[in-house]
Amino acid sequence: MIKKQIGEWIIGNDAEATREMYKTMIVGRASSSKSYKKFVKLVPKFPKEVLEFFKEHGVDIKMPCSIEEAKFGKQKCYSGHYYLVGHYFEGKEIWLKQESTGAEYLDEEGMYPLIGGYKIAFTKDLYNVPAIKDVPSIKLLHMEISFLIEK
């Protein structure tokens with residue numbers, strides 16, 4: 001496992017174990033949604049640096065555990081949720097609660113700019129954990145990628 005700092009986060013990542021996890025992972029409800037299908041079509045158009053970042057960490061970028069799509073005027077924002085085998089040591093939490101309603105929202109400003117409009121963040125909260133075959137209890141950390149595209 002390699003310990004590294006990415007933006008405000010210090011994580012440990014076992015890229016080979018993550019790669020193996022993605023080979024046995026069963027993609028959940030995201031795979032049948034329109035947002036997922038649109039997201040996967042966009043992946044080959046991602047900047048080389050984004051694709052290399054995911055590959056370096058053992059993540060299959062075409063297998064997000066969930067996808068969120070939002071519209072902002074003529075732009076769309078996609079947010080993909082991924083898991084890595086490793087450890088979350090420390091960092092800023094990016095899921096915040098709105099005081100008036102208690103609703104959670106993603107603090108896009110707190111995300112680390114990877115390149116261009118692509119941002120990433122890590123969180124210790126796990127949700128939508130993928131079904132993984134033949135993997136004993138492993139440590140996972142949650143990674144988000146977010147980006148805007150013009151219509």
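In the predicted model, Glu69 is partly exposed, with a relative accessible area of 27%. This residue forms a salt bridge with Lys38, in which the closest N and O atoms are 3.6 Å apart. The pair links distant parts of the chain, since Lys38 belongs to helix 2 (residues 34-42) and Glu69 to strand 4, 31 residues apart. Lys38 is likewise assigned to the partly exposed class, its relative accessible area being 34%.

The structure holds five salt bridges, among them the Lys38–Glu69 pair. Another is formed by Lys4 and Glu56, whose closest N and O atoms are separated by 3.1 Å. Because Lys4 lies in strand 1 (residues 2-6) and Glu56 in helix 3, this pair ties together parts that are 52 residues apart in sequence. Glu56 has a relative accessibility of 47% and counts as partly exposed. A further salt bridge joins Lys23 to Glu20, with 3.0 Å between the closest N and O atoms. Both residues of this pair lie in helix 1 (residues 15-24), three residues apart, which corresponds to about one turn of the helix. An α-helix has 3.6 residues a turn, so residues three or four places apart point the same way. Lys23 counts as exposed at 61% relative accessibility, whereas Glu20, at 38%, counts as partly exposed.

The overall architecture comprises three helices and eleven strands. From the N terminus on, the order of the elements is β-β-α-β-α-α-β-β-β-β-β-β-β-β. Of the 151 residues in the protein, 41% are buried. The accessible surface comes to about 8600 Å², and carbon and sulfur atoms contribute 52% of this area. Among contacts with a separation of 6 or more, 70% are accounted for by residues 24 or more positions apart.

Helix 3 spans residues 48-56, and its buried residues are Val50, Phe53 and Phe54. Seen down the axis of helix 3, these residues fall within an arc of 95°, so they line one face of the helix. The face turned away from the buried side carries the exposed residues Lys48 and Lys55. Just after helix 3, Gly58 takes a positive phi of about 80°.

His57 is placed in the loop between helix 3 and strand 4 (66-72). With a relative accessible area of 1%, His57 is buried, since residues under 20% fall in this class. Two polar interactions of the His57 side chain were identified. The side chain reaches the backbone oxygen of Phe53 at 2.7 Å, and Phe53 is itself one of the buried residues of helix 3. The His57 side chain also makes a polar contact with the side chain of Lys4, at 3.0 Å. When residues up to four places away in sequence are not counted, His57 touches Lys4, Ile6, Asn13, Ala15, Thr18 and Leu84.

How values were computed:
Residues numbered from 1 in each chain as written. Heavy atoms only, no water. Buried < 20%, exposed > 50% of the residue type's maximum accessible area, 1.4 Å probe, protein only. Helix = DSSP H or I, 4+ residues; strand = E, 2+ residues; numbered from the N terminus. Arc of directions from axis to C-beta. Polar contact = N/O pair within 3.5 Å; in protein donor to acceptor, adjacent residues only side chain to side chain. Contact = heavy atoms within 4.5 Å. Areas by Shrake-Rupley, 256 points an atom, 1.4 Å probe, with all protein chains shown as cover. Salt bridge = Lys/Arg side-chain N within 4 Å of Asp/Glu carboxyl O.
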